[in-house]
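Try each task yourself before you read the solution.

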Amino acid sequence: QVQLVESGGGLVQAGGSLRLSCAASGSIFSINTMGWYRQAPGKQREWVAGISSGGTTNYPEFVKGRFTISRDNAKNTVYLQMNSLKPEDTAVYSCNAYLKTKSRDPLRNYWGQGTQVTVSS
């Protein structure tokens with residue numbers, strides 16, 4: 001069984017910062033791409049950041065220069081440093097990971113349960 005558990009969400013004022021963490025645990029052989037998504041009330045889930053196993057990062061334009069994704073492969077953990085937060089960044093942030101539980105298995109997509117980020121104006 002594989003679990004992804006996020007932490008670090010909370011309430012912050014506009015212009016502030018938060019750092020989210022997502023730790024993967026369980027029967028894991030290898031982890032490929034990891035990423036962060038968010039979903040605000042009444043809106044579709046949107047991609048926020050992604051990082052390959054080699055450390056290559058990608059972001060949508062609306063977070064470039066403000067958010068930074070990183071990972072610690074030894075800890076099976078991905079982080080999201082969020083700076084210059086805006087009220088429109090308010091959402092539930094979830095991490096996901098494409099991983100194998102056994103060497104011969106295909107990559108499968110796993111999701112965390114999400115953590116609430118609220119940015120007040």
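**Exercise 1: the disulfide**

Is C22 buried or exposed? Work that out, then find its partner and describe the bond.

*Solution.* Start with the ground rules. This is a predicted model, where local features need pLDDT of at least 70 and side-chain atom pairs count only at pLDDT 80 or more, while totals for chains, interfaces and linings use all residues. Residues are numbered from 1 along each chain as its sequence is written, and side-chain values use heavy atoms, with hydrogens and water left out.

Step 1. C22 has a relative accessible area of 0%, so it is buried (buried means under 20% relative accessible area, exposed over 50%, and partly exposed in between, with a 1.4 Å probe and protein chains only).

Step 2. Look for the partner: C22 is joined to C95 by a disulfide, with the sulfurs 1.8 Å apart (a disulfide is a pair of cysteine sulfur atoms within 2.5 Å). The count by this rule is one disulfide.

Step 3. Check the handedness. The torsion about the S-S bond of C22 and C95 is about 40°, so this disulfide is right-handed.

Step 4. Now place both ends: C22 is in strand β3 (residues 18-26) and C95 in strand β9, 73 residues apart, so the pair links distant parts of the chain (strands are DSSP runs of E, at least two residues, and helices are runs of H or I, at least four, numbered from the N terminus). C95 is buried as well, at 0%.

**Exercise 2: the salt bridges**

Find out how many salt bridges the structure holds, then look at three of them.

*Solution.* Step 1. The total is five salt bridges (each has a side-chain nitrogen of Lys or Arg within 4 Å of a carboxyl oxygen of Asp or Glu). Side chains of opposite charge can pair when their charged atoms come close.

Step 1. Take D89 and R66: their side chains form a salt bridge at 2.7 Å, N to O. The two sit in distant parts of the chain, 23 residues apart, with D89 in the loop between β8 (77-82) and β9 (91-100) and R66 in the loop between β6 (57-58) and β7 (67-72). D89 is buried at 1% relative accessibility, and R66 is buried at 10%.

Step 2. Next come E46 and R38, which also meet in a salt bridge, at 2.7 Å from N to O. Here E46 is partly exposed at 30%, whereas R38 is buried at 6%.

Step 3. Finish with R108 and D105, whose salt bridge spans 3.8 Å, N to O. R108 counts as partly exposed, with 41% relative accessibility.

**Exercise 3: a charge over rings**

Which rings does R45 lie over?

*Solution.* Step 1. R45 lies over the face of W111, 3.9 Å from the ring centre (a charge sits over a ring if NZ of Lys or CZ of Arg is within 6 Å of the ring centre and within 35 degrees of the ring normal).

Step 1. R45 also lies over the face of Y37, at 5.8 Å from the ring centre.

**Exercise 4: the surroundings of T118**

Where does T118 lie, and what does it touch?

*Solution.* Step 1. T118 belongs to strand β11 (residues 115-120) and is partly exposed at 29% relative accessibility.

Step 1. Set aside neighbours within four places in sequence, and T118 is in contact with G10, L11, V12 and T90 (contact means heavy atoms within 4.5 Å).
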